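Have the viewer open and follow along.

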Amino acid sequence: MSALTFDKSELGNLEYSLQREMLSTDRIGGYMSTTIVCCNTRRYHGLMVAPIDDSGRTYVLLSSLDETVVQHDQTFNLALHRFKGVYEPRGHKYITDFEYTPTPTITYRVGGVILKKEMLWIHKRTQLMIRYTLVDAHSETRLRLRPFLAFRDKHALTHANMEADGHSYPAVNGVKCRLYNSFPWLYLQTSKPGTEFVPAPDWYYGFEYQQELARGYEGYEDLLTTGYFEAELKKGESIIFSASLDEMGSTKTIEEVFAASIARRTHKIDFISCLEHSARQFLIRRPGDRTEVVSGYPWHGVSGRQTFISLPGITLEQGHKEDCIDALDTLVREMRDGMFTGSASAEVAADAPLWFFWTLQQLEREVGAKEIWASYGPAMKDILESYRQGIGGRVALHDNGLIWASSEEVPLTWMNSTIDGRPVTPRNGYQVEVNALWYNAVCYTLELAGKYGDKTDKAFVKEWVPLPARTQESFIELFRLPEGYLADFVDGSGPDKSTRPNMIVACGLNYKMLDETMQLEVIRTVRQHLLTPKGLRTLSPQNPLYRGSQEGMPAERDFAAKNGSVWPWLLPFYIKACFDIDGDAFLPQAEEALENFDEDIQRYGIGSICELYDADPPYASRGAISQAWSVGAALDIHRMIRERSKGDSQAPKAAKKSGRTNGPKEKKPAKTKPAAKSAGKTVKAAAKSPAAAKTPKAAAKKAAGKAAKK
């Protein structure tokens, strides 16, 4: 797959450069994000965006840093800002090169002056360092650095006010600033002894953030500068600027920290190495031995559902099983009354706890089934029991063996967009993916309990073993449509026949309730209506509610997000379903599906994969520039290909070029994972399709109505 490269001739073209955003994180919740020409186009952009307490909120502290080259009493400002319709200054015209590895690096040329800027976020501490090297100059050259401060929540904007403290206070070879007393000190220092700081507090008005305006939000901000640094540089000399919440004790320490940190950086040289680097940015370590997954940058926080879905791809595919275990243990430690808390609770996300079982199934490949049961068996049983007892008056197991989830306050599935407080896609009732996950969770728990459990676990197996067959029979009866695919959900009025991608989950799990014929029906429908080069559409284009573009105001985008827009995270379930049916014969299509993301690492979010895409060609990138479950999905697809291909990670590409697949053909995998022996014939029968698979609509409505009344 291709290397990460940029067209040097286009760097000065703002239509090219402003559409490419970079991201660096400190692995503890902070990040740097801006465009590759350092012009902020979002309120979420900034050189230092970081948490300052345990609230989980993140703040833009240092918005930008303007560099000015001074030579022969002439000034050349290398910065680029947009102020209410105009760009000023226009420093992008001096950019001659941009490199992303090992750290974002920009090269400027002003006459005979060549200046290189290397931007480095320090891991595990809130610190940004930028090293400026005067590569070439033929006369005395001075460098001026002017920081612009925001000190506000990343979701907000700041405006000129009398409360902000514009003073700078002495620090080691620099100053410290704090605009408001509720914030910590921000230390601004340099590595060159004797660098002068000139106090010159002033507000700059009307910074314009084009992406915010385009998305229908307020997009103007005022920023405060407290002064600027100025130092003389000689040819070949470097100066390091440091912004940190901790004061650096000496100029030598600044140089040592920078050198040690950049030496540890991995080189993002191709598609997979970029994704692996991106994957590591989602894992954050917080105080109190907490490991969490940021759902997406720059604006998303932590989501239980997305944590479970993304974890295998962003951790296990690099052999980082400890990170996966730490994140799972963080959630398990916080369980209350047999259920996860917060966004991982079924009370707010009906399917989230069921994805926990799916994650454990992926982790089993690394640690073994026995270890899974020893570590998580009690939590698995508690969660199943919570569903049986009912959760928050919203989620419950009905007598027909299916999970019913309904709420008038919040949408309980992943299709949770709202407009004016109302769900865009209300799905109250039996949801197809929730019940597919439920069946998978019960069968998996029964298998492990039967193999590795004690006497108490044997009693659990005896009590729960009749359930899977009942669940499967009810699922087929209610969800299989005469049209040859699965209903998206079923309520008291009957099945919802909207062609949506959630049904593919029922085909992409280890335990399936569908026989091969039914799986083929679903796959055929998904391929015909929903499959795109970037993932699966959320609605068939034949539906009158379909929206092919994510452009417009917030309400328009929220509507399109779940009524057309393409989501990459669903793609691995389609690919696994196809592998389970076709075996190695599906390898070329899987390789092509992965290669369709190849060019995405060079645009929008550099080195990563975005949250979602337009549903119509050319499938424009939308949403967060770097999304955990999107990156995890691509790496999971890479794993499936690698496991079926001989050689290293480049084997799939080579196989495609040669017109054949590498390695021996594998046997066609079983369509359902065998049940535990101790679970008896009942669970084994649950893997088969009941004869009454073609239930007429009237019968489905009647069955759903009865279940809803219980």
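## Ground rules and confidence

When two residues are said to touch here, contact means heavy atoms within 4.5 Å. Keep in mind that this is a predicted model.

On confidence, the protein chain has a mean pLDDT of 90, and 90% of its residues reach 70 or more. The stretch to watch is 647-710, where the pLDDT is below 50. That stretch still has 115 contacts in the model beyond near neighbours in sequence. Where pLDDT is low, the predicted coordinates should not be read in detail.

## The first strand and its partners

Start with strand β1, residues 20-25, where six of the six residues are buried. Both faces are covered: Arg20, Met22 and Ser24 are buried on one side, and Glu21, Leu23 and Thr25 are buried on the other.

β1 has a parallel pairing with strand β32 (residues 604-605), over two bridges. In that pairing, Arg20 has Tyr604 of β32 as its bridge partner. β1 also runs antiparallel to β2, with five bridges joining the two, and Leu23 stands opposite Ser33 there. β1 and β2 make a hairpin with five residues between them, and Arg27 in the turn has a positive phi of about 70°.

## An eight-stranded sheet

Now for an open sheet of eight strands, ordered β8-β9-β10-β11-β18-β15-β14-β13, with antiparallel pairing. The edges belong to β8 (95-99) and β13 (169-171); each has a single partner strand, so one side of each is left without a neighbour in the sheet. From one strand to the next, the twist averages 20°.

Zooming in, β15 (residues 186-190) and β18 (residues 238-244) pair in the antiparallel sense over four bridges. Tyr187 stands opposite Ser244 of β18. Helix α3 (residues 251-263) packs on the sheet, touching β10 (113-121), β11 (127-136), β15 and β18. The direction of α3 makes about 90° with that of β11.

Does the length of helix α9 agree or disagree with what its residue count predicts? At 1.5 Å a residue, the 21 residues of α9 (432-452) should span 30 Å, and the end C-alpha atoms are 30 Å apart, so the two agree. The helix is mostly covered, with 19 of its 21 residues buried.

In helix α7 (residues 352-367), pick out Leu363. Its relative accessibility is 0%, so Leu363 counts as buried. Leaving aside residues up to four places away in sequence, Leu363 touches Leu316, Lys321, Cys324, Ile325, Leu328, Ile372 and Tyr376. For a sense of scale, Leu363 and Asn563 are 200 residues apart in sequence and 33 Å apart in space, C-alpha to C-alpha.

## A buried threonine in a loop

Thr538 sits in the loop between β30 (535-537) and α13 (554-561). With 0% relative accessibility, this residue counts as buried because the cut-off is under 20%.

What does the side chain of Thr538 reach at 2.7 Å? That would be the backbone nitrogen of Gly564. The Thr538 side chain also reaches the backbone oxygen of Ala561, at 3.4 Å. Beyond residues up to four places away in sequence, Thr538 touches a list of residues including Trp414, Met415, Arg500, Asn563 and Trp567.

Two cis peptide bonds are worth checking in the viewer. One joins Tyr297 and Pro298, with omega about 10°, and Pro298 lies in the loop between β21 (296-297) and α5 (304-315). The other runs from Pro617 to Pro618, with omega near 10°; Pro618 is in the loop between β33 (612-613) and β34 (621-622).

For positive phi, look at Cys38, which has a value of about 60° although it is not a glycine. Cys38 is in the loop between β2 (31-35) and β3 (46-50), and at 15% relative accessibility it counts as buried. Asp73, not a glycine either, has a positive phi of about 60°. Asp73 is in the loop between β4 (59-71) and β5 (74-77), and is exposed, with a relative accessible area of 79%.

Conventions:
Residues are numbered from 1 along each chain as its sequence is written. This is a predicted model: local features need pLDDT of at least 70, side-chain atom pairs count only at pLDDT 80 or more; totals for chains, interfaces and linings use all residues. Side-chain values use heavy atoms; hydrogens and water are left out. Two strands pair if DSSP finds at least two bridges between them. Axes are lines fitted to C-alpha atoms, for helices over the stretch in contact, and angles run from 0 to 180 degrees between N-to-C directions. The expected span of a helix is 1.5 Å times one less than its number of residues. Buried means under 20% relative accessible area, exposed over 50%, partly exposed in between (1.4 Å probe, protein chains only). pLDDT is the predictor's confidence in each residue, from 0 to 100. A polar contact is a pair of N or O atoms within 3.5 Å; within protein, one must be able to donate a hydrogen and the other to accept it, and residues adjacent in sequence count only if both atoms are side-chain atoms.
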